[in-house]
Amino acid sequence: MRVTFSGLERAGIRSWQDNGDLIMAEVQILPDVHGDSIEEMALVKRIVSEFQHISHLSQNFPPEVLNQLTSGISAAALTNQFAQYFQMDIPVKQKILETTDVNERMIQIIAELEKQQKLNEIENSINDKVKEHIDESQKEYFLREKLRAIKEELGDTTNFTDDADQLRQTIENNPYPQHVKDKALEELQRYEMLPQGSGEASVERSYLDWLLKVPWYQETEDNEDLKRVRQILDEDHYGLTKVKERIMEYLAVKQMTGTLNAPILCLVGPPGVGKTSLAKSIARALDRKFVKMSLGGVKDEAEIRGHRRTYLGSMPGRVIQGMKKAGVINPVFLIDEIDKLGADYKGDPADALLEVLDPEQNAVFSDHYLEEPYDLSKVLFVCTANYLENIPAPLQDRLEIIELPSYTEVDKEHIAIEHLIPKQIAVNGLKPAQFHLRQKEILYLIRHYTRESGVRQLERCIGSLCRKTVLAILNDGKKSVTVTKKLINQWLGKEIYEYGTKESKNQVGVVTGLAYTSFGGDILQVEVNYFEGHGKLVLTGKLGDVMKESAEIAVDYVKAHARELGIDPAFFDNHDVHIHVPEGAVPKDGPSAGVTLTTALVSALTNTPVRADLAMTGEVTLRGNVLPIGGLREKSLAANRSGINRILIPKNNLRDVDEVPEEVRSQITYVPVENMSQVLREALTR
Ligand code: ADP
């Protein structure tokens, strides 16, 4: 059963009695007193509008009352309803109840409403202030939790956030430079927003990996004891006295000035003369880490400076890759084959490399991938090149060139005995007592199994002999092996090169020249033949432009001096001439083959044999003068390697003969010449 009470009238108590169960009262009805009716209307309107403003108040009102209120009821009823449902303090309610004047009651209600409104406003502003004061990190925590929840909903694996947390710790706990930290945190945030397993997330992840794994602060301490440095350089390499001295000077100045603000070291020389291993040795001597970057075949700036991250599978350039491998900011960084860069491509990679090598710029090296500037100023760069001329000029400018010359036979013997043999013995797990390779056999190897400026081939031969020895010891139960000539023939096959006996027969139209290529000095056979034709000149054998010009000059010289040389001036009208330089794989260029070409031509056309024990070098002018050439040392060594002991050289090159090592110089007769007629007199066997 449900009982509803509803107030019908307002009443005042006159008297009352309490009989224990029930209180009875005598009352007097208090009728509503109406004041000004216009004022009453205005007040009603006001109450209704205020009430609608404070919308949440209506929650306390039963819906049917709300309906009544908005559809319009009498002012008196309105005040009564309000007093009943509106939350007010009891004394206020009592006061409204006691007031018979309707307008007065409405004014009291409005005051109450207004008070409520004010309270609301204050409360809101307090809420706002409190919200503002919620700590940023709390907010972040909150958001992260939310994110985690969302990711879980989406079925993303949970270790993702662990990974991000770990990254965050790595960033915060290590002394990265501030700009790197900022960047890393920014990228980390991006990473967290990306769905796990998406392509973008993995791109972002590997970027973070690079950014955090490249060394920014890790550094090794240099060995500053220069005596010890020199000792290590001597330990690692035989000879090279001048080179080591230059390196010592360089390191000393570096130590004195406390900066690396000097030109970069560049070791130039033929393959196998120890450029790479010397750079390694510098690193060992200084107690620095060693890394190597090869520029052979680099065509694109991006290989040095990296690809922008927008490319799929983009990576930092080789410089930054090298630094990551080194793991410290001050390694010895070998840039190999810096001349191959110039040969393949002219434009941009050289520019990028300039930025790497230039001490003015490399403190803020920019890699496209990494984006943050990287400091290379503590790196000790060492470059290598085979051929000085092939290094782009602006780069050459920044380099301190140190030339490593070819080795003589004596040098090679020493290197073999003191370095290569012990090294190969160790590499192949032998004991020194188990392998004997004597000087005589070493020389035999040098002369008949190698023809090189350096010692690479020689090292390979020794290595191969060591391996055969290991096999012999294990298979045939031998205790030790002493290498003999017979054993070399058996193990390495028959002799590859002849020595000394080369072209022992004087021939027509065949002349030995001397060349200086990126492989060091070499001998070069020029052959000339002619046949009936119309005066055409055919050149074969991979010749450079300058060499082709030399051939034309040779032909013109012969034409101009035909009578004097005993050649029919009409010869070229009805003959073609073919000049060939065999062993076409190596590009040959330079003017110094002039005398060789001319001599071969004259020999062929006059049918006069050329002395076979002779080699020559020199540039020829149209008028037949012989001009000086470069690389006399290398050329002499090449001649010596091939067993040639008589060389025609331009007279002006006599002063360079001093540079040729004594042991080679003493075996060679240098014949200085000034013009072609002298050359021909010396060379042709008339
Ligand atoms: P490059 O870089 O000039 O082509 P490498 O440094 O690779 O030559 O040298 C080839 C090999 O010859 C290495 O094993 C090196 O140790 C050895 N070598 C070269 N020169 C010497 C030397 N003067 N003393 C000892 N070993 C040498």
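User: Which residue follows α14, and what is its phi?
Analyst: This is a predicted model, in which local features need pLDDT of at least 70, side-chain atom pairs count only at pLDDT 80 or more, and totals for chains, interfaces and linings use all residues. Residues are numbered from 1 along each chain as its sequence is written, and side-chain values use heavy atoms, with hydrogens and water left out. Helices (H or I, at least four residues) and strands (E, at least two) are DSSP runs, numbered from the N terminus. The residue after α14 is G327, with a positive phi near 75°.

User: Within what arc do the buried residues of α14 fall?
Analyst: Buried means under 20% relative accessible area, exposed over 50%, and partly exposed in between (1.4 Å probe, protein chains only). In α14, residues 318-326, the buried residues are V319, I320, G322, M323 and A326. They line one face of the helix, because seen down its axis (by directions from the axis to the C-beta atoms) they fall within an arc of 155°.

User: Where does L240 lie, and what is its phi?
Analyst: Most residues other than glycine have a negative phi. L240 sits in the loop between α10 (226-236) and α11 (241-257), and counts as buried at 12% relative accessibility. Although L240 is not a glycine, its phi is positive, at about 55°.

User: Is N607 buried or exposed?
Analyst: N607 is also not a glycine and has a positive phi of about 60°. Its place is the loop between α24 (594-606) and β15 (609-610). With a relative accessible area of 57%, N607 is exposed.

User: Which residues is E441 in contact with, leaving aside its neighbours within four places in sequence?
Analyst: E441 belongs to helix α19, residues 439-449, and is buried at 5% relative accessibility. Contact means heavy atoms within 4.5 Å. With neighbours within four places set aside, E441 is in contact with V483, T484, K485 and I488.

User: How far apart in space are L543 and G590, C-alpha to C-alpha?
Analyst: L543 is in the loop between β13 (537-540) and α22 (545-560). At 13% relative accessibility, L543 counts as buried. L543 and G590 are 47 residues apart in sequence, and their C-alpha distance is 9.2 Å.

User: Which residues does L632 contact, leaving aside its neighbours within four places in sequence?
Analyst: L632 is part of helix α25, residues 632-641, and is buried with a relative accessible area of 4%. Its C-alpha atom is 11 Å from that of S592, 40 residues away along the chain. Apart from neighbours within four places in sequence, the contacts of L632 are I649, N653, D656 and V657.

User: What is the radius of gyration of the protein chain?
Analyst: The secondary structure of the chain comes to 27 helices and 20 strands. The globule rule, 2.2 Å times the number of residues to the power 0.38, is compared with a radius of gyration taken over C-alpha atoms. For 686 residues the rule gives 26 Å, and the chain is more spread out than a compact globule because its radius of gyration is well over that, at 49 Å.

User: What does the C-alpha trace span along its principal axes?
Analyst: Of the 686 residues in the chain, 44% are buried. Among contacts with a separation of 6 or more, 73% are between residues 24 or more positions apart. Along the principal axes, the C-alpha trace spans about 165 × 70 × 50 Å.
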